[in-house]
Amino acid sequence: MQSKEKKEKEAHKFWNTQPVPQNESDVQEDGVIEHKEVSDIKQEPYKLPSDFEWYLVDINNEKDRTDVYTLLSQNYVEDSDAVFRFDYSPEFLQWALQPPGWKQDWHLGVRVASNKKIVAFISGIPANLSVHESKLHLVEINFLCVHKKLRSKRLAPVLIKEITRRVNLTGIFQAVYTAGVNLPTPISICRYFHRPLNPKKLCEVGFSQLPHNTTMASHIKKYKLDVSFLNLQPMQEGDVSQVTALLNEFLSQFEFHQVFSEEEVRHMMLPIKDVVFSYVAKDENDNVTDFTAFYSLPSSIARNPKHTHIHAAYLFYYAPKGLGKDQTRSRHLMNDTLILAKQANFDVVNCLGLSHNQQFLDELKFGKGDGYLHYYLYNYRCKTIQPEQMGLVML
Amino acid sequence: MQFYGLYKTAIIGKCNTPQPGYFEFRERAKWDAWNKIDLTKEQAQQAYIDLFNTVLAGQNQGEIAQGDEKLEGVKVSVMTSEHTTPAASTIFDFIQNGDIAKVKELLPCNSVDANGMTPLMWAADGGRLEIMKLIDADLDAQDFDGNTALHYALLSENRECAEYLISKGARQDIINSDNETALSLK
């Protein structure tokens, strides 16, 4: 317990030194916390403990990509019992880390100086957000990971400070990030929801439980999907401009949302095999009326004789005809999204209880998860956002 | 600490560990916070969210300053069970849990459950081939929905159990209330 207590204290001590609200009473109105200029930012990297060195990962190089993949697949986010661990594929990382405006300078690794093994990683990608009407050009910080054996070295704070410095040098002073844990100070907490597509397997691996006195036969039947409503087709290059307009219009309803350029939609939303799946419905004039997308994020399963992975599809962005005012349409769009995920052999569709998702969660038999995702902003005060006002999905 | 108590209850359920010693102040305080929450898992999950939203709404600002407990654990989310599971007591429970020793004690058994299901059907549904082999009963009995053990083996995708039943001579042409023969479910 000693070391856990120490760890908590240190984590708190670190966030006390950072431009983040320390508690809710710090946030009376939205705005920047620390005003800085590029000329204020030091030119030299932060010092690492001896034996370690900074290393800029080349995600387009197969060896680097494999090394980062290996680090994450063995040391990244787990469930509370350390049975399931996120297993982002190398191709996924290559896609996720290179949206328009990406910089290799923000794909930051730490290597052991002697054997050049990558033992820690953090990344940033540029994004535009609208926060209570204010436009923020910032970075999304993601994939912070330190090798399990080095957790006592206090590398995470140095990684955060160093990527902040690198981002600051480009004139960007805000960031958005998420965590399963509670740090100072969340702007929103969104619950995870799960919709079984392969209910038997989910029971076999302990992801869900067969309710007492329920047969597997009826459990399987409960989650069968048959009727589809919209004629969804894979999104294509020619749909980019219409999807961008539709998606931005849908998202603009929320207090906190991402704003997409066409280039970003082209990169983030066009289908990539086994990475991102996206579909559109069109009217008789060939205009896009609905859009939906999910991404593939398997979790590896420890100590299971029969299964090695849960194949999870995470609901990404979507925009229904009627922008949510026609709730039946929203449910139909999501019903068909589930069918497409099932056809692509996913075991479960996961999503957060944000934006308009409450419109379909119960009806489409999503179940509550035990996880909560906390959203944070760095160097920006923001009054609390209710989950149904959140329009940002990070990978 | 209110967060901590709700959090533990939301994740684990009601306090289920012994009270720490008097001088383990920190652990004792955590335990007390957990122990005083008299809610089900499900209620605690909602209460956790509600408390958070209350605190954020600024009505309870002192609380979060004390709530410096770093919440650990939940990261990859898994499904919470919406139902509580009572302790196993019937042969059907023991079959569902795969508790072979208990099942052996209770065999032979001619009873059916509230839906007319026989032990053999439960074993076929749960993929409990070993238990099926212990049961000497009518292979073609039907429950109130008209399903046989073979229907259950196929509906719940337990191939081996279905093959076993067929090898023992189970009929494949019996129709259930959805007008399905076992054969049609293959």
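I looked up which element lines the largest cavity most: β5(A) gives three residues, the largest share. I took strands (E, at least two residues) and helices (H or I, at least four) as DSSP runs numbered from the N terminus. The model is predicted, with local features needing pLDDT of at least 70, side-chain atom pairs 80 or more, and totals for chains, interfaces and linings using all residues. Residues are numbered from 1 along each chain, chains are lettered from A, and side-chain values use heavy atoms without hydrogens or water.

I counted six cavities of 30 Å³ or more. A cavity here is a set of points on a 1 Å grid, over the protein atoms alone, where a 1.4 Å probe fits but cannot get out; lining residues have an atom within 4 Å of a point. The largest has a volume of about 120 Å³, taken as the space filled by probe spheres set on the points.

I listed its 14 lining residues, and A:Ile125, A:Glu140, A:Gln258, A:Phe260 and A:Met268 are the closest to the centre. Elements giving two or more are β5 (118-131), α8 (262-269) and β15 (312-319) of chain A. By class I noted eleven nonpolar, one polar and two charged. Domain 1 (2-178) and domain 2 (189-391) of chain A both contribute to the lining, so this cavity lies between them.

I then checked helix α4 (155-168) of chain A, which spans 20 Å from first to last C-alpha over 14 residues, close to the 20 Å expected at 1.5 Å a residue. Twelve of the 14 residues of α4(A) are buried, so the helix is largely enclosed by the rest of the structure; buried means under 20% relative accessible area with a 1.4 Å probe, protein chains only. Among them are A:Glu162, A:Arg165 and A:Arg166.

Terms used. 1 Å grid on protein atoms, 1.4 Å probe; cavity = no way out; pocket = protein on both sides within 12 Å on 5 of 7 lines; lining within 4 Å. Nonpolar A, V, L, I, M, F, W, Y, C, P; charged D, E, K, R; others polar. Domains from an automatic or database assignment. Expected span 1.5 Å × (residues − 1). Buried < 20%, exposed > 50% of the residue type's maximum accessible area, 1.4 Å probe, protein only.
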